[in-house]
Amino acid sequence: MASMTLNGVEVLSLSGAGIRITRNPRLRPPQVCPSRVFNIARKSNQETWLVQERGKLLTGTAECSYCRSRKGLLVGYIVMDDKLGRACANCHYNNKGTQ
């Protein structure tokens, strides 16, 4: 795989999950909450960034409790079927898992 730029940082290699996620089209630019910093260095966070770009944006009762409480680093409740072990992008950030 050729390198790609995520959040302004060149990433030379992605995890297997990251590569599978890139097979989906980009739908939106990821949105980080104001005054927060996204750490793109971790592989799990790269996967989070890619799902934010390419996953399904859900609202209302579909949101997990973490996203409903607006504690996440990222704007929106975004998921991708069969990716991130059923966690949303916010919960996957820093390997937090589902919350």
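The model is predicted, so local features need pLDDT of at least 70 and side-chain atom pairs count only at pLDDT 80 or more, while totals for chains, interfaces and linings use all residues. Residues are numbered from 1 along each chain as its sequence is written, and side-chain values use heavy atoms, with hydrogens and water left out.

The secondary structure comprises 4 helices and 4 strands. Helices (H or I, at least four residues) and strands (E, at least two) are DSSP runs, numbered from the N terminus. Along the sequence, the pattern reads β-β-α-α-β-α-β-α.

The overall dimensions were computed next. The C-alpha atoms fill a box of roughly 40 × 30 × 25 Å, taken along the principal axes.

Buried residues make up 43% of the 99 residues. Buried means under 20% relative accessible area, exposed over 50%, and partly exposed in between (1.4 Å probe, protein chains only).

In soluble globular proteins, nonpolar side chains tend to be buried together. A nonpolar core is a set of buried Ala, Val, Leu, Ile, Met, Phe, Trp, Tyr and Cys residues joined through side-chain atoms within 4.5 Å. The largest such core here has 17 residues. Leu-6, Leu-14, Ile-21, Phe-38, Leu-50 and Val-51 have the most contacts inside it. Strand S1 (4–6) and helix H2 (43–54) are the elements that give two or more residues to this core. H2 supplies the largest share, 3 residues. Apart from this core lies another, of 8 residues, including Cys-64, Tyr-66, Cys-67 and Cys-91. Leaving aside neighbours within four places in sequence, Leu-50 is in contact with Met-4, Leu-6, Leu-14, Gly-18, Ile-21 and Thr-22.

Ser-44 sits in helix H2. With a relative accessible area of 7%, Ser-44 is buried. Ser-44 touches His-92, Asn-94 and Asn-95, not counting residues up to four places away in sequence. Leu-73 is 29 residues from Ser-44 along the chain, and their C-alpha atoms are separated by 14 Å.

Ser-35 lies in the loop between helix H1 (16–21) and H2. Its relative accessibility is 80%, so Ser-35 counts as exposed. Ser-35 is not a glycine, yet has a positive phi of about 65 degrees. Ser-35 and Leu-73 are 38 residues apart in sequence. In space, C-alpha to C-alpha, Ser-35 and Leu-73 are 9.6 Å apart.

Arg-23 also has its place in the loop between H1 and H2. Arg-23 counts as exposed because its relative accessibility is 64%. Arg-23 and Arg-54 are 31 residues apart in sequence, and 9.3 Å apart in space, C-alpha to C-alpha.

Key:
Contact means heavy atoms within 4.5 Å.
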